[in-house]
Amino acid sequence: MKKIILFLLIPISIFSVQAQENHKAFESGEWFKFRIHYGIFTASYATLEVKDDMINNMPVHHIIGSGKSTGLLSVFFKVEDYYETYIDKNEVKPYRFIRKINEGGHTKNIEINFDHNSNQALVHNKKHKTKETFPIKSNVQDMMSSFYYLRNSIETSSLKKGDEQYVNMFFDNENYLFKLKFLGREVIRTKMGKIACLKFRPYVQADRVFKEEESMTVWVSDDDNRMPVRIKADILVGSIKADLDAFKGLKHPFKIVVD
């Protein structure tokens, strides 16, 4: 079930691959906190943070995502997830992706290093002590870098209701083609006030978590930050809702709708 937390945060990024030259939606110091509800209960909290770092003698954005179950959920289903990605500051492409999870006793510890020149990914499964190389698509993103890459790329002015977009993603040891449909614009109420949002439907994989491909709806701010605001999903055992609970370090001014 904890697979939900990252799936609730990451598909919000799959907007549009139409380039918007020189636009940057984020910078180091940005931090988001999400409160995730399962029915009437707060099931967990998740955070995303951008820091400055170096990898292979190159300056990069080091992005860390984490989530942990709380309250009643932690009693019968303990969850601790930790994700990292190191991305190029100019092109926003991933160099390294790390996934450490414990979801009710199901654990993974994977590091992926991307070679974009040869279009290959070296997957180090530290739990099983294996290393394998897999082919990757051009302009590929990992599960976290896609969020930040596409926040920079989205061209909001040209979006029309019903538009569909596709993004290449490599996760664990497979290439995925993500599809997203734009549902329109909507103003939603949050603890921060009313926020003008873009509303999307990511097509997720129907499996042991999600009921069907169209189980999820996401809202992102309709401004230069393109920050995640709300996510809703129907799952096999109920429904999940994630709300932006706190933030800091936005690159652009935060706007609320005043009546």
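1. Contact here means heavy atoms within 4.5 Å. On that basis, and leaving aside neighbours within four places in sequence, Y148 is in contact with F26, E30, L48, V50, I63, I87 and V92. The model under discussion is predicted, and the remarks below should be read accordingly.

2. Y148 also belongs to the largest nonpolar core, which has 38 residues. Within this core, Y148 is among the residues with the most contacts, together with F32, F97, I112, F114 and F170. Another core lies apart from it and comprises 15 residues, including L159, F182, V218 and I231.

3. As to overall architecture, the protein contains three helices and 14 strands. Of the contacts with a separation of 6 or more, 52% are accounted for by residues 24 or more positions apart.

4. Regarding burial, 51% of the 259 residues count as buried. The accessible surface of the protein amounts to about 12200 Å². Carbon and sulfur atoms hold 46% of that surface.

5. Is H106 buried, exposed or partly exposed? H106 counts as partly exposed because its relative accessibility is 38%, and that class falls between the limits of 20% for buried and 50% for exposed.

6. The position of H106 may also be described relative to V79. The two residues are 27 residues apart in sequence, and their C-alpha atoms are 9.3 Å apart in space.

Technical notes
Residues numbered from 1 in each chain as written. Predicted model: local features only at pLDDT ≥ 70, side-chain atom pairs only at ≥ 80, totals over all residues. Heavy atoms only, no water. Buried < 20%, exposed > 50% of the residue type's maximum accessible area, 1.4 Å probe, protein only. Helix = DSSP H or I, 4+ residues; strand = E, 2+ residues; numbered from the N terminus. Areas by Shrake-Rupley, 256 points an atom, 1.4 Å probe, with all protein chains shown as cover. Core = buried A, V, L, I, M, F, W, Y, C linked by side-chain atoms within 4.5 Å.
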